[in-house]
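Subject: Structure handover

Hello,

Here is the structure for your files. My notes on it follow below the model.

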Amino acid sequence: GKTWDTDYSASNATKVDEVNKNLSLYDLQYNTPTEGTQSVLVLPIEFTDKKFSKQDLEDIRTLTGGTAEDTKYWESLKTYYAKSSYGKLNLTFEYADPINLGQTAKSLYQEGTSNEDYARYAYGSAKALKKGIETYKTIHGSDSTKKFDADGDGLIDSVIVIYAED
């Protein structure tokens with residue numbers, strides 16, 4: 001059978017809808033600006049059997065927002081996009097505290113209702129993103145995500161979900 005990495009047809013996109021009625025591949029649009037300052041929300045997602053160590057969380061900060069001094073010889077996301085944009089794009093990162101989904105990674109994967117692996121990943125990703133944003137808003141206030149909406153369309157423009165998984 002066809003897989004999503006080789007077939008992006010409309011019939012394949014509807015399989016995501018079967019897993020989560022609120023998510024469609026057509027809804028996923030790239031809307032991060034290419035210049036200016038863009039705030040990015042980073043959501044570390046944990047499971048009952050997989051948690052981030054203090055070092056893991058420090059590494060996430062270095063990998064995303066590290067300076068040349070932090071990384072020594074490689075680019076973080078921040079420095080990569082700054083160089084790639086010829087200094088026109090400045091990414092800033094806000095790191096949520098780790099959010100535990102209250103289940104194992106395996107159980108999240110198995111919740112998907114489709115037999116196709118990619119549909120299961122889409123379901124798990126949507127659930128983790130939703131819980132992450134809800135938890136962030138509960139802690140920081142219902143308007144706290146507005147700073148991640150540079151274009152004012154009511155949607156977070158840039159979010160990174162990182163899973164505590166081997």
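**Findings**

At 22% relative accessibility, Ile156 counts as partly exposed (buried is under 20% relative accessible area, exposed over 50%, and partly exposed in between, with a 1.4 Å probe and protein chains only). The residue lies in the loop between helix H6 (117-140) and strand S4 (159-163); helices (H or I, at least four residues) and strands (E, at least two) are DSSP runs, numbered from the N terminus. Leaving aside residues up to four places away in sequence, Ile156 touches Leu41, Ile133, Thr145 and Phe148, where contact means heavy atoms within 4.5 Å. Ile133 is 23 residues from Ile156 in sequence, and their C-alpha atoms are 9.7 Å apart.

This is a predicted model: local features need pLDDT of at least 70, side-chain atom pairs count only at pLDDT 80 or more, and totals for chains, interfaces and linings use all residues. Residues are numbered from 1 along each chain as its sequence is written, and side-chain values use heavy atoms, with hydrogens and water left out.

As for the chain as a whole, six helices and four strands are present, in the order α-β-α-α-α-β-β-α-α-β from the N terminus. Of its 166 residues, 34% count as buried. Among contacts with a separation of 6 or more, 66% come from residues 24 or more positions apart. The chain exposes about 10,300 Å², with carbon and sulfur atoms supplying 52% of that area (Shrake-Rupley method, 1.4 Å probe; for residues, only the protein chains shown count as cover).

The salt bridge count is three, a salt bridge being a side-chain nitrogen of Lys or Arg within 4 Å of a carboxyl oxygen of Asp or Glu.

- Lys83 and Glu75 pair at 2.7 Å, N to O; Lys83 is exposed at 56%, while Glu75 is partly exposed at 35%.
- Lys147 and Glu94 pair at 3.1 Å, N to O. This pair links distant parts of the chain, with Lys147 in the loop between H6 and S4 and Glu94 in strand S2 (residues 89-95), 53 residues apart. Lys147 is partly exposed at 44%, and Glu94 is partly exposed at 25%.
- Lys146 and Asp143 have their closest N and O atoms 3.7 Å apart, and both residues are exposed.

Finally, Leu63, Tyr73 and Trp74 make a nonpolar surface patch of about 380 Å². Patches are made of residues with over 30% relative accessible area and no salt bridge, joining like charges within 9 Å and nonpolar side chains (Val, Leu, Ile, Met, Phe, Trp, Tyr) within 5 Å. Leu63 sits in helix H2 (residues 54-65) and is partly exposed at 47% relative accessible area.

Regards
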